[in-house]
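Please brief me on this structure. Keep it short and group the points by topic.

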Amino acid sequence: MTGKIQKGLVYLKNRGIREFTARAAEKLADARFDYNRWVRAQEPSPLEMGYQKSLRIGSMPKIRVMILQQEGEPVRGKAFRRTEETLRRQTYLNAELCDALTTQVSDEDLIVFVRAGDLLPPHALFELARAILDGSSCVYSDEDRYRLAKDGEREKLMLSDPLFKPDYDPDYLRSVPYIGSLFGVKAGILRRAAHILRGAAGMPAAELADPAVYYEMTLLCTELSREHVAHVPKILCHAAGRKEKIVVSQSDAGGKPQDEEVMRRQENQVRDDAFIQVLKRDLSRKGEAGIVERGRGPLCFHIRYLHPESPLVSLVIPNKDHASMLKRCLDSVCSLTTWERLEVIIVENNSSEPETFSFYDTLKEGMYRQLPVRVVRYREKGFHFSAIINEGVREAAGDYVVLMNNDVTVKTPDWIERLLSQCMREKVGAVGPKLLYPDGTVQSAGIVIGIMGFAGSMMVGGKNEDPGYMNRAAAVSRMSAVTAACMMVSREAFWREGGFSMEFPVALNDVDFCLRLGEAGYHILFEPTAELYHHESASRGYENSREKSKRFENEKRHFRKKWEKTLKEGDPHYNPNLSLRTCHYEINAGVPKWLICG
């Protein structure tokens, strides 16, 4: 108990009363948390549902629901009837079942797909219809899983495994088929997609029960919607658990039945192969060159985009003293990096140790081993990270620049190729790799805005082999920011947005820069297959002195003021149902938001 009190007092001293109070509230909420009760609390009251039934909005669409049945299921069997029954209880009355796109179906009608056996809460269709009033052509929601447990003579609905999804992210969708069980698309878009995939004959609804076909349809429909895809961050579908069909056959050797686990792996292999073919066709339709790979997580894939150019890449490394650390960084780049068109710009910042200048003297010929290296001097006094970075990028000759701390070392030999694969794509402004601590645990898997009241790296301390919640640590995805401890950025995008802002001398300058890139229409990507080690704060130390803590608090305060609207609206690449007090995509158990971001 004494240890917990001491730990709490240290947290209070380092984080302040607001964050201490929020953390305490979250701990209390976690201890009492009941997910089934939480879901019921989110649902509208009987009065609200009555209002939904009475509401008549002319612009709200006709909804036509298609219940998809897996091959082998009896037509209109028990699973189908269970889903149909939940449709009868919907508050949205302008809806009906259908099994085909006929000439009577208007292009503006919303076709909603749901799998047989899935259950929809009474307000589900109302929420989908309302979500597309902004002009969106597709819509999806969050979901969870259910099972029916015996409660005396009755069956009790038990909910678990919520999937709280980000807003529409085509890069994440190309990595993980996250759209899920409940998906709505306007009939006109669906017709165009079916024609592209199957020609004039169109596509029978029964085909969409095949997961790979359904995935290809969601990819194509969302693309045809020109990214006007709505996301309802509410649990609107309780998905039935899918039983894997394991067929035990005789093996070739010895005639013994094959192990069930082996059969399951074989089925997953066949499933993954079908999804990979979908992604290859998707690349072909878009005229993009790429290699589709299996990802680290289940139903997770990775695309290595191929480009004909081989641009020069400039590594910009700020440095003050710590010559041995800088040398370790350069040694790892020289010995492991496979990209050949590379230069290094070391930005010297007021070093004082003789060993540092002795090391610089070895670089006067412009080479370190086989690596072109230049040392440029930042001549202002004091530490101003933004100004140092801008000085280094001004000296860079490469079309692409890697901002890199001197306490970072290489793990993945083709890390430059993997970052370039993403960064050379149209509208991509910056790409961040996965950063690891020296012990191999995760230091950063992208940055979410709002974590701890301002911004924070995700999956900190997690196991590197763990794909994370919804494969978020293993999938290429859009993020609001990545850390400048290692960030690739196109030099054109860097200067178009004015480089790093002088408003943030030490902290949050990378987050501010990425947010400005996002406002200008660029995408920020997390590339998990490029991995580097980050010996965090080894060169500058932690923010644990009174002076550093005060400065950090001032920069956080300024960040909150500048990005107040973003913090209030929430990170679109996160989910409002997830906690802002942790970095592991955990559910918000009920901590008031004003305690965190107020």
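Strand 4 and strand 5 form a hairpin, with two residues between them. The turn includes Gly-152, which has a positive phi of about 70°. This is a predicted model. The points below start with the hairpin, then move to a helix and to aromatic contacts.

**Hairpin**
- Strand 4 covers residues 138-151 and strand 5 covers residues 154-163.
- The two strands run antiparallel and are joined by eight bridges.
- Lys-150 has its bridge partner in strand 5, and that partner is Glu-155.
- In a regular strand, side chains alternate between the two faces of the sheet.

**Helix 17**
- Helix 17 spans residues 546-562, which is 17 residues.

**Aromatic pairs and cluster**
- The structure holds 19 aromatic pairs.
- In one of them, the ring centres of Phe-494 and Trp-495 are 4.9 Å apart. Their planes stand at 90°, so this pair is edge-to-face; the cut-off for that class is over 60 degrees.
- Phe-494 is buried, at a relative accessible area of 0%. Trp-495 is partly exposed, at 33%.
- The rings of Phe-500 and Phe-513 have centres 5.0 Å apart and planes at 40°, so that pair is tilted.
- This second pair links distant parts of the chain, 13 residues apart. Phe-500 sits in the loop between helix 15 (491-496) and helix 16 (509-519), while Phe-513 is in helix 16.
- Both Phe-500 and Phe-513 are buried.
- One aromatic cluster is formed by Phe-383, Phe-385, Phe-494, Trp-495, Phe-500 and Phe-513.

**Arginines over rings**
- Which residue lies over the face of Tyr-305? It is Arg-425, at 4.1 Å from the ring centre.
- Arg-472 lies over the face of Tyr-172, at 5.1 Å from the ring centre.

Conventions. Residues numbered from 1 in each chain as written. Predicted model: local features only at pLDDT ≥ 70, side-chain atom pairs only at ≥ 80, totals over all residues. Heavy atoms only, no water. Phe/Tyr/Trp six-rings, centres within 6.5 Å; stacked < 30°, edge-to-face > 60°. Buried < 20%, exposed > 50% of the residue type's maximum accessible area, 1.4 Å probe, protein only. Helix = DSSP H or I, 4+ residues; strand = E, 2+ residues; numbered from the N terminus. Lys NZ or Arg CZ within 6 Å of the ring centre and 35° of its normal. Expected span 1.5 Å × (residues − 1). Pairing = 2+ DSSP bridges.
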